[in-house]
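Here is a brief report on helix packing and salt bridges in one protein model. The structure comes first.

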Amino acid sequence: MTFVEQLEALSNSCNSINCLCWIIFGYGVLRFTTFLLRCGSLIFDLFILTPVNYKKYGAKKGAYCVITGASDGIGKEYAKQMAARGFNVVLISRTLSKLETLKTEIETEYKVKAEILAIDIAADDQSNYAKIKELCAELPITALINNVGQSHSIPVPFLETEESELRNIITINNTATLLITQIIAPIIVKSVKDKKASRGLILTMGSFGGLIPTPLLATYSGSKAFLQQWSNSLAGELAGDNVDVELVLSYLVTSAMSKIRRTSMLIPNPKQFVKATLKNFGRRCGSQERFATSTPFWSHAIYEFIIDETFGVYSKIVNTINYSFHKSIRVRALKKAARQAKQQ
């Protein structure tokens with residue numbers, strides 16, 4: 001190779017290296033720019049945008065909202081706060097006495113109508129769904145909140161999970177949610193077409209347990225992960241019918257299911273959580289990379305955003321941390337059960 005040819009080869013090599021450097025630089029700029037945009041969107045959603053106006057969903061127009069798991073905790077707050085926005089409500093839960101008390105409270109305080117239905121969803125009885133259909137068939141329903149859910153009594157290895165607990169979790173979290181939505185969603189679509197509202201609303205409660213694979217809550221984690229895919233798919237199907245479908249992700253909230261009583265910066269009470277959820281419906285907040293998904297409470301949103309932007313929800317390190325956290329909960333729960341057994 002002549003000296004000139006060597007220079008040309010060196011020049012071509014330098015050009016290739018320069019080109020590669022520019023590609024890497026451009027990719028870095030693109031990644032950094034999208035990161036800044038996600039940060040900006042997170043802040044904008046959580047702290048700047050005004051609350052959602054529910055008139056487009058039929059508030060104060062005689063429309064109804066159906067809430068499952070409505071008699072306690074988060075479900076009760078959804079019922080009260082949707083009534084406060086001017087929705088009539090259909091309250092579905094297991095305990096009739098609690099539903100009757102809530103019905104009286106809502107009708108007295110918010111001057112709206114409240115229908116109630118007491119059924120045991122865990123029974124997976126076809127008559128339950130027939131009762132829901134009969135109650136709701138002629139009502140102008142424009143909103144559905146799938147709140148009913150169940151977790152494990154304490155963290156437990158999958159191989160030690162009792163069949164009854166496993167079946168109840170799948171039945172309540174998945175089967176019932178899907179079948180109830182199949183009953184109510186067509187009514188919502190019809191109500192929108194009949195101009196009872198300009199848009200319909202279907203909100204389903206997800207969980208960080210479904211967002212992040214969760215050892216020792218494997219069945220619950222899988223059931224909530226299923227809802228993520230199902231809800232997002234339904235959002236695509238119903239978009240043309242002007243029905244907004246959204247999965248709402250939450251970390252811990254004080255409730256009977258979580259067995260947590262004290263609030264903190266990371267653990268709101270049901271009223272605080274539902275207020276944030278309804279304020280931010282339709283906005284991704286912490287779920288910046290997920291379609292038709294929202295993490296609406298500010299500390300939960302930031303927590304998810306950090307996990308997404310660092311290790312990732314499916315990483316081994318996050319899985320290991322999650323396992324250690326729930327293992328410690330299991331150890332404490334077993335010790336408490338042992339103490340109570342001795343006292344008896």
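**Helix packing**

This is a predicted model. The axes of helix 2 (residues 73-84) and helix 3 (residues 96-110) come within 10 Å and cross at roughly 20°. Angles under 35 degrees count as roughly parallel, so helix 2 is roughly parallel to helix 3. The crossing of helix 2 past helix 3 is right-handed. From helix 2, the contact takes in Lys 76, Ala 79, Lys 80, Ala 83 and Ala 84. They meet Leu 102, Glu 105, Ile 106 and Tyr 110 of helix 3. By class, this contact has six nonpolar, no polar and three charged residues.

**Salt bridges**

The count comes to 10 salt bridges. Three of them are listed here.

| Pair | N to O distance |
|---|---|
| Glu 289 and Arg 38 | 3.6 Å |
| Arg 38 and Glu 309 | 2.8 Å |
| Lys 98 and Asp 72 | 3.0 Å |

Lys 98 is partly exposed, at 36% relative accessibility. Asp 72 is also partly exposed, with a relative accessible area of 40%.

Salt bridges with shared partners join Arg 38, Glu 289 and Glu 309 into one network. How exposed is each member? Arg 38 is buried, with a relative accessible area of 14%. Glu 289 is exposed at 56%. Glu 309 counts as partly exposed, at 25% relative accessibility. Arg 38 sits in helix 1 and Glu 309 in helix 9 (residues 298-309), 271 residues apart.

Terms used
Residues numbered from 1 in each chain as written. Predicted model: local features only at pLDDT ≥ 70, side-chain atom pairs only at ≥ 80, totals over all residues. Heavy atoms only, no water. Axes fitted to C-alpha atoms, helices over the stretch in contact; angles between N-to-C directions. Helix = DSSP H or I, 4+ residues; strand = E, 2+ residues; numbered from the N terminus. Parallel < 35°, antiparallel > 145°, perpendicular 65-115°, else oblique. Left-handed = near helix turned anticlockwise from the far one by under 90°. Contact = heavy atoms within 4.5 Å. Nonpolar A, V, L, I, M, F, W, Y, C, P; charged D, E, K, R; others polar. Salt bridge = Lys/Arg side-chain N within 4 Å of Asp/Glu carboxyl O. Buried < 20%, exposed > 50% of the residue type's maximum accessible area, 1.4 Å probe, protein only.
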